[in-house]
Every structure is written in structure tokens, then in C-alpha cells.
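Subject: Structure handover

Hello,

Here is the structure you are taking over. My notes on it follow below.

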Amino acid sequence: MPDRVFKLYDTMSRQVKELRTVEPGHLKFYTCGPTVYSYAHIGNFRSFLPADLVVRTAKALGWRVTWVTNITDVGHLTEDDVADAGGEDRMEKALRSKEGEHFSNIWDLAEYYTNAYLKDWSDLNMTEPHVRPRATQHVREQITMTEALIDKGNAYETPTGVYFDVNSDNEYGKLSGNTRDKLKEAVREVVLDDNKRQQADFALWKKDDKHLMQWFSPWGWGFPGWHIECSAMARAYLGDTIDLHSGGEDNMFPHHECEIAQSETFTGKPFSNHWMHVRFLQVEGEKMAKRTGNFYTVRDLIEQGYDPLAVRYALISVPYGKPFNFTLQGLKDAQGNVERFRECWRRVEDPTGASGDSSAFKRDLERLYSESLDAMCEDLNTSVAIAKALEGAKTILREQGLDSARASIAREFLTKVDGLLGISPQPRSKDTGEPTASPVIDGKPIEVWIEERASAKRAKDFAQSDAIRDKVSEAGYELRDSPEGTTWTKKLG
Ligand code: AMP
Ligand code: ZN
């Protein structure tokens, strides 16, 4: 294998550059995780998936990877992006909302949405991180860091909390370009605390003895600021300097800018040597929003009968730095391609063809995998990487039956492609490719439709039974009648 250089765009230096590791061959990587006040949406996963792809690419290059991605379960406020530290805790707000009525307390709510997120994560065939710390489990480290920042003169206490003094850090603004002289116009025009030295100073600790999640600190009862959580968790698991840090483009400022300020003034060392930010996803050409009806969670799409692997495929099909418009048509196309990989596996598992010279077949598949990996090393060029993988699948499907030698070459290709892109996992035994959960069509599980169709037939209402078959077909499923009853399968491609 030729020596490859893994290149990624670095937001800090504003260029595509080699991803280097401090320890040779060992990537230390931190990704900002979700705030667990609701189900994560496909936009959130659009930003987590490239992190998973970095891990897969690094592993394909033979690197060791220590990947930490956190869970934010306290301290992320509704107005954190515009006015530090304004608004209310997103978790508390969720508990008071209609959905919040299902939970007996805020810890329950956090637990529920954390588990939902983990389920979506595994449905999308994402790599398990080395550790997934929760902010609430690391308050001790957050307090220690805050105390040290006060001692060093970088932070100060007011009647409402502890704030980081952005004037104490000459480099503040180096990531986002929101340097101190520009801060006034850029953000945070809302005055929240007259005791702050400047309104751009951000909270490390909020005093609040009414907050539902509160801890005792040298400054009384309260809770940590959102930014200090990630600084403390990254350091707890990865040390003072990490190789790569990622998040969505909205995290660049204020979140990551503030993490850098805290961590670097605290340790006196660089915090992260490389920064990766994912462009925001749009849905059907618009910003995804609940009110415009184009808001999707992973589970919404699975319930509508889409294959989770197709959701993954669609979400990674456009490189992470490019504008990406998610459409249901794109998802349907992805579904067809995922089916191609499944069909390859079916043929591999059941070799039938006559044996012959397989050297050209082997050479083609090796070349296509190698080109796919090359594309991933070029700033995660997923559109080329996937196209190469798909060309490999077509190469396999073009064969008139696979003899056992070709089947094992194809198996190796599919396994390597899956390691790299996660779109062609080997089906588990007896897995025919159908989703295990029943699809829900217009709010009813498919079994209910089957039952209603059977009773329409018994009543000789064939117009109705045909209408049900058509409805199910439109949703992407086929009904098959047999003397034992009716079964359903997903329609191919
Ligand atoms: P949050 O749960 O708000 O803390 O967000 C979790 C992650 O999802 C962050 O890295 C955000 O940048 C990212 N994110 C939120 N919305 C989108 C979107 N529409 N497209 C891409 N990433 C997003
Ligand atoms: Zn973070």
C-alpha cells in the first residue's frame, strides 16, 4: 500500500493540511456531542458522521484512535450562541414543555434522550467512541479548572457567577475571527450582568440555587458553563493537547473559541492542533425547522420505512464541508444503492458460478478500494469514495455468479469498504435485509394494514383491499400472499 497522507481542512489555519498526530500513529480526537433535551435530528448526525469517518479512515490507515465524544446534559442555555450566558437551561425548558410531562424529573429526561441518541447512533452504524463522558459526571474537574483560572487572573467572580475575562487572553478570537476588537458588533449585544468586566466575557460557573441540576462550589450552589464542560472532559481523557477537535459550524463561535481560551490559558499549551467543522444541513432547500415540517429525526425516517443504512448513506454522500441539501428523493436513491451492497453480500454468501481466472476481478476491486481510501484521505471526499465503492459493488454484481475464489475476493472488498464507509455491513445470519421493526405507514404498523386488507377481502371489498396494497406499495413495501397468510418485504431499489 502506498504511504498515504491524511489531509483535512483545518479551520484554524484556514487550509487543507495533513492531519498529524503528536504521538506517531495515535490519533487523539474529541467531538462535541449533543445536548440531550430532545431527540437528536439528522442535522446533528450530519455533524457527527464525519467524525465517525475520520475514525474509520484513520483506522484504515492502521492508526490507533482514542475518540471521545461527550453528552451535554447540563449548562447549555437557550441563548448561549448570542448572549452569554443567557436564557434558560435547555434541559429545564424541555422538562417544562409538553413532552416533559412524560418524565418524573430532569435526570430521567436526560437518561431517556441519551438512550434514544445511542440507539440512533448504533442504527446509523457509527463507530463506538473510546469513551462517552457526560458533563454532569465531570463537574469536579470543571470546578477545579475554574478555580485555577481565577488564580491565574483569567477569570473573576461576580454576584451571578464566574466569568472568563476575554481581555486576559491576547489570542481570543483566533479560531473564528471574532477577535476582541470586533466582539462588540459580532455578538452578545444583550447586557446580562453589569458586574461583568466586558459583556463578551463568558460564564464558567453560574450561581443558581434554584437550578434543577446544581452542585456546591467555592462560589455557592450552581452549575457549570457549557464551554468549560468540553475543556474539562477533553483534558480528562485526552490530555492537555489533542490532535483533532470537531463539531458543527455553529460550534466554532462561541463554543470552540471559548474552549480554546480556557484550555490554553489553563495549561499554557496548544489545546487542539487541528479543527474540523461540518457545514449545516438543509432539508428540501430550507433550514430544517419543526415549524416548516421539514424536521426529521433518525427514528422518524426509520418509522417511515427507510433503512437506517440508507439514512447514513444519504447523510455522508456529500463531503462535510460542502452545502448539503437533504431530500427524500436523495434518501430513496441511497436506499437503492444500499440494496446493491446487500445483494452483493447475498451472492458472496451463496457462491454458485463456475471457477475461472479471478485475477482481473481481484485487481479491479483492490484498485477501487484503494481509490476510495485515497478520496477519504483528501479531506474526506465522500462523494468520490462512495462512487468508487459503488463501482466495486457493480463489478461484483456484473459477474455471472461468483465462484468461491471470487466470493472471497468480493467479501474482502465489502468488508474493507464497510470498515471505511460503514455502508456495506455484512448482514447478520438470517438477516434478509429487512428492517427488524415493523414499518409504520400513516401512523399504523404494517401488520394492521395487512389485517385490514384481509378483512376487506373477506367482505369482498376488493376496491378497498387493492387500495391498501397500493398504499403499502407507495410506502416502499410489497405484500405477498400465500396459503399461510400475507407477509411483507421491502421493495428493491
Ligand atoms: P446540540 O445538540 O445543539 O448541542 O448540537 C449537537 C451538534 O449538532 C453540534 O455539533 C451542532 O453544530 C450540530 N448541528 C445542529 N444542527 C445542525 C445542522 N442543521 N446541520 C449540521 N449540524 C448541526
Ligand atoms: Zn463541546
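I start with serine 424. Leaving aside neighbours within four places in sequence, serine 424 is in contact (heavy atoms within 4.5 Å) with Phe341, Trp345, Leu414, Val417 and Asp418. Its place is in the loop between helix H13 (404-421) and strand E15 (440-441); helices (H or I, at least four residues) and strands (E, at least two) are DSSP runs, numbered from the N terminus. Serine 424 counts as buried because its relative accessibility is 1%, where buried means under 20% relative accessible area, exposed over 50% and partly exposed in between (1.4 Å probe, protein chains only). Its C-alpha atom is separated by 9.2 Å from that of glutamate 339, 85 residues apart along the chain.

On the conventions: this is a predicted model, in which local features need pLDDT of at least 70 and side-chain atom pairs count only at pLDDT 80 or more, while totals for chains, interfaces and linings use all residues. Residues are numbered from 1 along each chain as its sequence is written, chains are lettered from A and ligands numbered from 1 in the order in which they are written, and side-chain values use heavy atoms, with hydrogens and water left out.

Next, the metal site. Cys32 (SG), Cys230 (SG) and His255 (NE2) coordinate the zinc ion (ligand 2) at 2.1 to 2.2 Å. Donors are N, O and S atoms within 2.8 Å of the metal (3.2 Å for Na, K and Ca); water is not among the atoms, so sites may look incomplete. Along the chain, the spacing of the zinc donors is C-x197-C-x24-H. Cysteine 230 lies in helix H6 (residues 226-238) and histidine 255 in helix H7 (residues 252-267), so this pair ties together parts that are 25 residues apart in sequence. Both cysteine 230 and histidine 255 are buried.

H6 and H7 also pack against each other, at an angle of about 55 degrees and with their axes 8 Å apart. Axes are lines fitted to C-alpha atoms, for helices over the stretch in contact, and angles run from 0 to 180 degrees between N-to-C directions. The contact is made by residues including Cys230 and Arg235 of H6 and His255 and Phe266 of H7.

Last, valine 278, found in strand E11 (residues 275-278). Valine 278 is buried, with a relative accessible area of 1%. Beyond its neighbours within four places in sequence, valine 278 is in contact with residues including Arg46, Pro50, Glu249 and Tyr320.

Regards
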